[in-house]
Amino acid sequence: MLPNPVVPDTEQERKEILKRYRHLLRVIKPRIVNDEQKKMIRKAFEMALEAHKEMRRKSGEPYIMHPLAVAQIVAEEMGLGPTSVTCALLHDTVEDTEITLDDIRKEFGDTVAKIVDGLTKISGVFDLRSSQQAENFRKLILSLTDDMRVILIKLADRLHNMRTLDHMPRNKQLKVASETSFLYAPLAHRLGFYEIKSELEDLAMKYTDTDTYRFIAKKLNETKRERNRFINEFIKPIEEKLKQEGLKFKIYGRPKSIYSIWNKMKTKGVEFEQVYDLFAIRVILDSPPEREKADCWKVYSIITDFYRPNPSRLRDWISNPKTNGYEALHTTVLKDGRWVEVQIRTERMHEIAEKGYAAHWKYKEGTNSESALDEWLTKMREIINNPDSNALDFIDDFRLNLFSHEIYVFTPKGQLKRLASGATALDFAFDIHTDIGMTCIGAKVNHKLVPLSHKLKNGDTVEIITSRKQKPKEDWLNYVVTGKAKAKIKAALKEEKKQAAQEGRSMLERRLRALKVPLSPNLVNDLAQYFKADSVQDLYVNIARKKIDLKTLSKEHFDGDRLILPKETPRIDKKDVFEDTVRNTLQKNAELLIFGDNMGRIDYKFANCCNPIPGDDVFGFITINEGIKIHKTNCPNATQLMSNYGYRIIKTRWNNQHEIAFLTELKVSGIDDIGVMNKITNIISGEMKINMRSISFESQDGIFEGIITLFVHDTTQLEELIEKLKKLEGILSVTRQ
């Protein structure tokens, strides 16, 4: 009998509580190995019943129904043991009642107290409106390394809350359902609880997208009879053959979850009627461990004897189980023009698929002792703490890769942003605010500078760098994936192009007035053709952007309002002229090139193929377009150059005086912001008084790369310059070529 202080309000409620408690005991009984464990569960039940005696849920039922239900999920659906059941019964006591952690420790020991403490600490982890998500995730992962049962019980707690969410106000329903789809469903998936994951997704959808949920549920109900007939016809010949082969098995068809059907409708862009795999056929074999693999492949062979398989849809997770322990053979076969997914697994594999990693302990060394589960939990802690592990790295698998189609990233202040998979730093900028996107010049991802096209990953912290001088560019459309960013960029480019076209037309009108040439549609079309513009608007835009120089147009180019296309000028072979010049003048007058003496008069560069520096034996080679190239005498190309073009060779030596500078190249990359070139040249020429030979920069995706050729006295001066350039804001790297 229950003590008087804990008698519920009605006899009916008292009977219901006892009924559920006895059912819990029946489920957990096979895993209870001694009387102490049985007493522990009884004691936890009585403590929870007493602690929650004045409390009721929103539904009006006694609060104790909730911890009983959570304990039931933990035992029956997750397959956990007595310690987990005890903690599930007590999980709300410290947070919601007068019972303290010391009370728990005194009655049940350190392990139970530690788990209950973990459940209490992470109660606020999943508040999506909080600005502390990053810190909350950190706490969650730390709790995982403490004891995995904390997360498993929390998962069971959420599942029961979702099953009873009808009684909560609408705003609470939306909040809890959003949290569930955001974190709990992916967590269940990562831990291998596929049934729980599917139920959580369906329940979350029920509240966040009620109309679609009801529509698909109604459609499934309407097609149930026809679907069952098809399943029975599909199964019948397979069933007969499996019996002939003497295999012990269960075979049945089950509908896909509403969420997975909706997801398929979205990703494939099809109607409900066009989703072919509304259900899956499961074959579950009763096979001993040594025959599991062979039996599963035998079933596969039998099925494909009756129905044609799709080779690209075969998945062998028996030879190579998933990282969360899932094992099965999946294939898709064709019957009557319809594709059917078939899953083949053994009883052991099925239990692991239903109950996740927690089911592994049951099969370890043929024991039911909870120590095997503890060993598994220890292994999980090792995996989580091992950064080199690919098996279950929660930093990647859980926090960073929650979804395959969506990513979650943070602002520097910890605000959570959800973006499409493949989203870039520029997508993130537009997601924050249109103005930030329009003026974005780069980003810092996890404190490291990246270009606008950098693809973001789950868990990234992103800081956007802006400049008032920045404007959207055409190539931005190549590396944004979100609809918002694409629409805003297109609108901005369209408006900018419209304004540029108006300006270009005005510039053309002014030029033609000066030439006293009348502007007409025919003339505009002629000009567009001559300047190779795709349209009249592009002609105007190119004029405004100085891609077309109107000064090249003169009076003789026009006949009335038509353009006279200029005749081609005779082609001059520059190479012949160059060869004559070399033979007749340069080779005679520049036999000896001394660095420092005639630097100002002779255009030369160091060859990239051998990169000579002062002290090397070198020679000069006269090129067609790039002046004199200085090569090492042992350069890989030296033999060919000297043998084939001996008349272009110039004897060259170094001047050893310290004040004579030598030529070198620096490669610089960074954020392409207006003014960055000026900052670089100020340090080189202004601050360090170094002469530059040439400077060449190219920009792509908001990142520039440049080569600076300059004269330095020695490596000390060069290293000092490199350090100063590296300290400039927006500079990514400075290296000597």
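In this predicted model, strand β9 (residues 440–445) pairs with β11 in the antiparallel sense. Five bridges join the two strands.

D427 is found in α20. Its relative accessible area is 1%, so D427 is buried. Not counting residues up to four places away in sequence, D427 touches L419, Y479, V480, V481, T482 and A485. K455 is 28 residues from D427 along the chain, and the C-alpha atoms of the two are separated by 9.3 Å.

Seven of its nine residues are buried, so α24 is largely enclosed by the rest of the structure. The buried residues are D538, L539, Y540, V541, N542, I543 and A544. K546 follows α24 and has a positive phi, near 65°. Most residues other than glycine have a negative phi.

Packing between helices is described by the angle between their axes and the distance between the axes. Helix α23 (residues 521–530) packs against α24 at an angle of about 70°, and the axes are 9 Å apart. At this angle, α23 is roughly perpendicular to α24. The crossing of α23 past α24 is left-handed. On the α23 side, the contact involves V524, N525, L527 and A528. These residues meet V536, L539 and Y540 in α24. By class, the contact has six nonpolar residues, one polar residue and no charged residues. L539 and Y540, which take part in this contact, are also among the buried residues of α24.

S257 sits in the loop between β1 (249–255) and α14 (258–268). Its relative accessibility is 15%, so S257 counts as buried; the cut-off for burial is under 20%. Leaving aside neighbours within four places in sequence, S257 is in contact with S198 and D202. K689 lies in the loop between α27 (676–687) and β20 (692–700). Its relative accessibility is 64%, so K689 counts as exposed; the cut-off here is over 50%. Phi of K689 is positive, near 55°, in a residue other than glycine.

Across the protein, there are 28 helices and 22 strands. The protein has 737 residues, of which 48% are buried. Among contacts between residues at least 6 apart in sequence, 67% join residues at least 24 apart.

Notes: Residues numbered from 1 in each chain as written. Predicted model: local features only at pLDDT ≥ 70, side-chain atom pairs only at ≥ 80, totals over all residues. Heavy atoms only, no water. Buried < 20%, exposed > 50% of the residue type's maximum accessible area, 1.4 Å probe, protein only. Helix = DSSP H or I, 4+ residues; strand = E, 2+ residues; numbered from the N terminus. Pairing = 2+ DSSP bridges. Contact = heavy atoms within 4.5 Å. Axes fitted to C-alpha atoms, helices over the stretch in contact; angles between N-to-C directions. Parallel < 35°, antiparallel > 145°, perpendicular 65-115°, else oblique. Left-handed = near helix turned anticlockwise from the far one by under 90°. Nonpolar A, V, L, I, M, F, W, Y, C, P; charged D, E, K, R; others polar.
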